[in-house]
Each structure stands twice: as C-alpha cells, then as structure tokens.
Amino acid sequence: MSTKKHIKNGTLVTPEGIFSGDVLTDGSTIAAVGEVGPESTAEVIDATGCYVLPGGVDVHTHLNLKLGDRQVSDGFYAGCVAAAWGGTTTIIDHPEAGPAGCNLHHQPEYYRGLLEKESVIDYGIHGVFQHVDEAILAEIPSLVQQGYSSAKVYMTYGNMLVPGEVQRVLEAMKNAGGLAAFHAEDDAEISRLRAEFAENGHLAPIYHAKSRPDYTEADSIKIIADLAAKTGATVYIVHLSTGKGLDVIREAKKSGVKIIAETCPQYLLLDDSCYEKTDGLKYIMAPPLREKGNGEALWAGLADGSISVVATDHCSFSYADKKKFWQGDFRKAPGGSPSVETRLPLLFSEGVLKGRLSLQRFVDLVSANPAKIMGIYPQKGVLQPGADADLIIWDPAAEKIISPESLHQLCDYGPFDGMNVKGWPRKTMLRGTIIVENDRFIGKKGSGQFLQRAPFKDETLCSSDHHGGKR
Ligand SMILES: [Zn+2]
C-alpha cells in the first residue's frame with residue numbers, strides 16, 4: 001500500500017474547472033481534491049508552477065506486435081516504461097491477429113498473460129475479429145463480461161471483414177455491450193492502386209501514400225456509418241487521418257449515427273512530404289501521412305468535438321528493420337511508428353500552447369474521453385475522490401528536443417525527431433505510487449493491473465462531446 005501523498009499548490013484540471021489547490025491520495029486512490037486540511041502523516045509533493053492532471057489513457061497501442069518474422073522493437077516492458085515517462089498510466093493494447101481460425105478470446109488472453117509479467121502501468125486489451133461465424137459471435141457476450149469490452153475490425157488486410165460480416169458483428173456487439181473499433185480503409189481500391197503502381201515501377205515510399213488516397217478512408221467510413229445506422233450500434237473509428245473522413249463523420253453524427261472518432265499525433269502534425277525525404281521509409285504506416293491541410297482539419301475536429309480521442313497507434317518497427325525488409329518496394333516495409341511517450345507533450349505543446357485546444361479539452365482528449373469510451377471511468381481519467389491516484393505533475397515550462405536519445409522508447413528513430421516540445425511530466429504516479437521522478441523510472445515490472453472494463457454505454461460521446469465547440 002502506498003503512503004499518503006499531499007500534492008500542494010498545483011493547478012488542478014478537473015471536470016468542474018481549473019483551479020489552484022491540493023490533491024490528497026490515500027493508498028491507491030484520490031482522497032480529496034481542492035481543499036485539503038493539514039495532513040501531518042502525508043508525504044508532501046510541491047507542485048508549484050505545475051498542473052496536476054489525471055494520468056494519460058492511450059487506447060491504441062501495439063507495444064508487442066509480431067507479424068511473422070517482424071517484431072516491434074520495444075515489447076511490453078519498455079513500451080509501458082516509455083508511456084509512463086510521457087505521462088500515460090493506462091494503455092489499451094491492440095493485439096495482432098492470432099493463429100488462423102483461433103477463437104475470439106485467444107489473443108486478449110494471451111496478451112493478458114504477457115502484460116501480467118511485464119507491465120508497469122495499468123492495461124486493458126482489445127479483442128480482434130479475424131473471421132466471423134456462429135461460434136465467434138457466440139463468444140462475444142463472455143468476452144465483454146470478462147472485461148474486454150471492445151474489439152477491432154479491419155476493413156483491409158488479410159483478416160478484413162466484408163459488410164455482411166460487419167453487420168453481424170455490430171448486432172452482436174450491440175446486444176452484448178461491446179464496442180467495435182474500425183480500421184477504415186477501402187481494401188479493393190487500395191489493392192488496385194498498389195498493383196497499378198507496382199506494374200509501373202512506382203515503388204518509392206511516396207507511393208505508399210499515393211496508393212491509399214484520402215477517399216479510400218472516407219469511403220470506408222461511409223460504409224461503416226451506414227451499417228451503424230442500420231443496426232443502431234455505436235462504432236469507433238481508430239486513427240482518423242483525413243478531412244474527407246472527418247466530413248463523413250460529421251454528417252453521420254448530424255443524422256443521428258452513433259460514431260466516435262480517434263486520431264493520432266502523426267496525422268495532426270506531419271504530412272506526406274515526409275515520404276519524399278531520404279529517410280521517407282520511416283513514415284510508412286497505415287493510414288499514411290496525408291497532404292498538407294488535413295492536419296488543420298483534424299485539429300478543428302478535436303476542438304469542436306467531432307473527434308473525441310487522441311491515441312497513438314504506437315507501433316515501433318525500427319528504421320533498421322524497415323530498411324532491411326523493404327528491398328526497394330514500399331509494399332514490403334513494416335508499417336508503423338512509435339509515439340507512446342510523446343502523445344501528451346505533443347498535444348500540449350502544439351495544441352494548448354498554440355491556442356488550438358483549451359487545457360480542459362486537452363485532458364478530455366488524452367485521458368477522460370478514452371477512459372469513458374473504453375469503460376474505465378471514473379476509475380481512470382479524472383481527478384476526483386475515489387478515482388485511482390494516477391496523476392501527472394505536469395511542468396508546462398519543461399522543454400525537450402525529441403530524439404531517440406532524449407526519449408525512453410526503445411526505437412532507433414521517431415517520427416517527431418528534431419521537434420522542440422514544451423510541457424513534460426515532472427512526476428508520474430500510478431495508483432498512489434510514484435513511478436517516474438527526478439529523471440528516473442522507479443516503477444516495478446509486473447506492477448501494472450488488468451482493467452476489468454465495463455460494457456460500452458450507448459450515450460457515451462456519440463454526438464459532439466461535451467467540451468467540444470464551446471471552449
Ligand atoms: Zn493500430
């Protein structure tokens with residue numbers, strides 16, 4: 001059991017507003033927020049000049065992904081340590097597909113076993129639909145009851161589902177309290193373009209982006225939104241990357257479709273000119289980086305409530321491996337990039353400090369909203385008595401230039417290398433225990449806990465969410 005902690009003189013960001021005050025933790029939870037009486041037995045932490053924020057919740061990571069002979073470079077331990085350095089105290093990880101034909105429980109249970117040994121922060125795991133039949137559909141209620149209340153559907157790649165299958169999944173998920181999370185890209189059109197570029201010898205990294213044009217995302221989202229309308233189920237769109245896709249989401253919300261959107265820092269801050277650089281290979285990821293202008297559209301979507309979550313899609317295939325595997329053909333390079341450690345600092349620096357987001361909105365996007373949508377609120381994502389004492393002492397003046405050396409992510413590059421970012425955690429606390437302070441990581445391997453996530457609640461953030469637009 002952790003000692004009591006009295007965090008003094010910070011600026012607290014709470015659902016009721018932003019004000020100076022104190023936070024008292026007792027054991028693993030928050031005991032008081034705001035006015036805290038004299039606490040002679042508590043360890044005092046001075047937060048003068050800092051914000052006190054709820055720990056970050058990253059609901060889209062691939063910390064341990066393996067695809068055949070390709071493997072991400074960090075793994076669960078290093079990935080969770082990096083997350084903690086960046087102020088994230090909860091992840092919900094997306095497993096890769098399991099052995100062909102495996103049941104729905106297979107991958108989440110396998111991942112849970114790994115995380116129990118490795119994790120230093122709390123975690124949930126998404127399921128993944130690889131095929132659909134009666135047996136898979138019959139597993140959904142128990143999957144949800146066991147705390148895996150969301151599962152991924154791919155509209156592209158080998159394990160993609162077709163619309164008829166998606167409809168059956170949505171009906172079953174709706175009945176069981178599950179939330180389906182969609183990778184929305186139009187497989188047929190992308191396959192056609194890839195083949196066409198390859199035939200003409202267009203294999204440089206830029207053709208990765210050109211073969212997945214913005215309308216392939218928007219068209220796929222349209223199909224998903226129509227199926228959501230037809231079934232009455234809620235759908236969650238992962239890693240939204242285009243203004244066109246955002247327009248489809250806005251239209252769908254307007255007509256009452258229950259659709260929630262997530263985006264990631266790379267789609268807000270980078271564009272497809274990266275593919276023309278000599279190290280353009282680093283930016284191979286799907287969806288790809290987009291033409292300039294999409295980022296600003298997505299920022300507007302974050303501010304007005306059309307997009308509810310910023311996650312990372314952290315997937316640390318190293319530059320060394322990208323170079324090794326690609327053999328001059330963009331289709332062979334492992335896709336993905338690392339950012340679990342930089343999500344909060346980037347969004348604070350580029351969002352809050354540049355006037356694109358309020359501080360309250362920032363906390364909603366990185367912590368409160370993902371916790372609500374994924375069934376762990378108010379245990380996570382909020383400063384209030386009774387919540388887990390997952391806290392960040394956030395120093396808004398701390399500056400760092402991003403590089404593999406200045407970060408803790410185990411990867412030989414990052415997509416934001418060279419950026420000067422202002423606002424970093426000074427301390428990170430998990431359930432009342434400090435795990436990062438004084439430039440040291442002091443958490444314990446295996447100390448993260450599995451989160452038994454609640455079933456999805458229908459009313460959660462489907463229309464424009466509550467802090468959007470006004471602030
Ligand atoms: Zn992903």
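**Figure 1. Packing of helix α5 in the predicted model.** The buried residues of α5 pack against α6 (206–210) and α7 (214–231), contact meaning heavy atoms within 4.5 Å. Helices (H or I, at least four residues) and strands (E, at least two) are DSSP runs numbered from the N terminus. This is a predicted model, in which local features need pLDDT of at least 70 and side-chain atom pairs count only at pLDDT 80 or more, whereas totals for chains, interfaces and linings use all residues. Residues are numbered from 1 along each chain as its sequence is written, and side-chain values use heavy atoms, with hydrogens and water left out. D187, E189, I190, L193 and F197 are the buried residues of α5; buried means under 20% relative accessible area, exposed over 50% and partly exposed in between (1.4 Å probe, protein chains only). Seen down the helix axis, these buried residues fall within an arc of 165°, so they line one face of α5; the arc is that of the directions from the helix axis to the C-beta atoms. A188 and E199 are exposed on the other side of α5. The 13 residues of α5 (residues 187–199), at 1.5 Å a residue, should span 18 Å, in agreement with the 18 Å between its end C-alpha atoms; the expected span is 1.5 Å times one less than the number of residues.

**Figure 2. Helix α4 and its surroundings.** The buried residues of α4 are V166, V169, L170, A172, M173 and A176. They pack against α3 (134–145), β12 (150–154), β13 (179–183), α7 and β14 (235–237).

**Figure 3. The six-stranded sheet.** The strand order of this open sheet is β11-β12-β13-β14-β15-β16, with parallel pairing; two strands pair if DSSP finds at least two bridges between them. β11 (127–128) and β16 (309–310) are the edge strands, each with a single partner, so one side of each has no neighbour in the sheet. β11 and β12 run parallel and are joined by two bridges, with G127 opposite A151 in β12. Helix α4 packs on the sheet, touching β12, β13 and β14, and its direction makes about 150° with that of β13. Axes are lines fitted to C-alpha atoms, for helices over the stretch in contact, and angles run from 0 to 180 degrees between N-to-C directions.

**Figure 4. The three-stranded sheet.** Three strands in the order β6-β9-β10 form an open sheet with parallel pairing. β6 (56–61) and β10 (122–125) are its edge strands, each pairing on one side only. From one strand to the next the twist averages 20°. Four bridges link β6 to β9 (residues 88–93) in the parallel sense; the bridge partner of G56 in β9 is T88.

**Figure 5. The zinc site.** H60 (NE2), H62 (NE2) and D313 (OD) are the protein donors of the zinc ion, lying 2.0 to 2.1 Å from it. Donors are N, O and S atoms within 2.8 Å of the metal (3.2 Å for Na, K and Ca); water is not among the atoms, so sites may look incomplete. In sequence, the spacing of the donor residues is H-x1-H-x250-D. Both H60 and H62 are buried.

Figure 6. K444 lies in the segment after β20 (440–441) and is exposed, with a relative accessible area of 63%. Leaving aside neighbours within four places in sequence, K444 is in contact with S119 and V120.
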